[in-house]
Amino acid sequence: MERMTLLSPTGHLGFTPIEEGSFYAGVARRPDALVADSGSCDIGPYPLGADQQHSPVAWQRHDLEIMLVAARRLGVPMIIGSAADTGTNRGVDLFVTLVQEIAQQHQLPPFRVAAIYAEVDRDDLLARMRRTTVVGLGGRPPLSPDVVARTDRIVAMMGVEPILQALDGGADVVICGRSCDDAIYAALPLRAGFPRALAFYLGKILECASLCAEPFMAKETVLGTITHDYVEFEPMHPGQRCTPASVASHGLYEREDAFTHAVPGGALDLHACVYTRVDERRTRVSGPRWVPAPTYAVKLEGAGKVGERAVAFAGLRDPMAIAALDAMIGWARQKVRERHGEPGVGYELFVHVFGRNGVMGAWEPRKTTAHEVGILIEAVAPTLDQAMDIAALAQRNLFFARFPGARGTGGVAALPFDEVLPARPGYTWTINHLLPLEDPLELFPVRYVEVGARARAGGGR
Amino acid sequence: MPRLLELATTIRSKNAGVDHITFDIIFSDPEAYRRVRDSGVLSRDAIARLYNVAPETVTHFMTVDAACAIKFTLQRPRPSGSPGETDVFGSQQYPPLFDIEVP
């Protein structure tokens, strides 16, 4: 095989629906496979920890439907990574069910689906931790049993090997649990014998679809072509261009380091990349190098519940109140302390001050306060009743705050609604670590599902 | 002196995993890129001062000639999306860079 072209329609399947114009323009070019990632840890720890949806099922179904129908009509593989935002077993099973429903609805001829699971059992992890050190990422210490104990759910980010196994098993459609997004794109090129560095680089650039093109547009389709010497990118939206600058700068996106990009089994070294303009809309890249890792390791992600959460809001317009803002917040905190004790012991109270540093917190360099201020109160406690009580106390004591020179004696805060809202429970990322594996397949069982057989028996196309 | 806002075409921040926020400042004009790169107004220490963090909180700082880009990464004060979060995607931490004056 001299060249292979992959179609990437979205950087996060289901996050917002795929734009269909550029998608069908890409399908008309008859790509060799359709590939999309559906997950991200950007959405915060709640969906993983609670194992809940983040994107609406209807949008995930939309994206899967247009991709599946196109892939089966072209007769090419479809690979979906990190099913349903987090890549838990529930997410994989949901996507397999959606694929079955879509196949039935469109009377698709029979095909084979591989479901690859990526959840990690806590007891299995604890047993592994007795044999090996699980190294912390992001400056974290090695994983300890007490951190595992306060983690509700753990997934491992699979490399390319379980996907290759599923393709070898005859899968036409692969639904992956949590997976390295570069790997879902690298699998088919690697299987066809293309160089590893180019295959993973192709994935690195295609994983966010149109974000590698300019001007900025999301959820538009991009084609990536790999040869034995280079990879090439072309956007399918007529208003976008893949330029050397847009592709090179996308190489920086959402990564700590510009030149080294680690994936399970090795890393891409991007120092020697050469970016060449092919024409107005296409850019070609050569020169990434593959550096094998001494140990095969996969990233673990884990989220654990911190407590129940409630939020409330208050607005300030009185300049005397705004000048006395810190004293007002101090008063409200004191009233909470009188009923619930010291914060940090059993509960936490966060007061976000919009108009001062509500977006940047301690990183905000500007020390000014606006003429109008919004105060978001966030309370976390063991029970929802307690969290609601704390948030209400803080909100109402901003309303009744005492400060010298106050003129407004009917309340010194504006409440857009006199209520406290129950929020989703608070979770935190407890685990961001690297687990060494002896076998890249060992954490990732594959289940095969035959789909569409009944449609054929019933005389479907 | 022009501000960074007037010289760079992209100034963005975004999560890099759950423990970091990374910043990319990208130039379409290579001359503007070299001017900022060589001026020294962006450095590990300058970033630490601007964001009021310890220098070791700036975990990465690099210039990327092939992309005409300057990139740095900050350690988050807490993992993304934990209670107390102000910016779960880390997408609004860049505006203070706009006003940096470039000689």
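This is a predicted model: local features need pLDDT of at least 70, side-chain atom pairs count only at pLDDT 80 or more; totals for chains, interfaces and linings use all residues.
Local features need pLDDT of at least 70 and side-chain atom pairs count only at pLDDT 80 or more, while totals for chains, interfaces and linings use all residues. Residues are numbered from 1 along each chain as its sequence is written, and chains are lettered from A in the order in which they are written.

**View 1. The side of chain A that touches chain B.** Here 39 residues of chain A are in contact with 41 residues of chain B (contact: C-beta atoms, placed from the backbone, within 7 Å). Strand 18 (421-436) of chain A is among the elements that each supply at least two residues, and with 4 residues this strand gives the most (strands: DSSP runs of E, at least two residues; helices: H or I, at least four; both numbered from the N terminus). By class, this side has 20 nonpolar, 11 polar and 8 charged residues (nonpolar: Ala, Val, Leu, Ile, Met, Phe, Trp, Tyr, Cys and Pro; charged: Asp, Glu, Lys and Arg; polar: the others, Gly among them).

**View 2. Helix 7 and helix 8 of chain A.** The axes of helix 7 (residues 161-168) and helix 8 (residues 181-191) come within 9 Å and cross at roughly 50° (axes: lines fitted to C-alpha atoms over the stretch in contact; angles: 0 to 180 degrees between N-to-C directions). Ile163(A), Leu164(A) and Leu167(A) of helix 7 make the contact with residues of helix 8 including Ala187(A) and Arg191(A).

**View 3. Surroundings of Val174(A).** Leaving aside neighbours within four places in sequence, Val174(A) is in contact with Ile79(A), Ile80(A), Ala114(A), Ile116(A), Ile163(A), Ala166(A) and Leu167(A).

Terms used:
Two residues are in contact if their C-beta atoms, placed from the backbone, lie within 7 Å.
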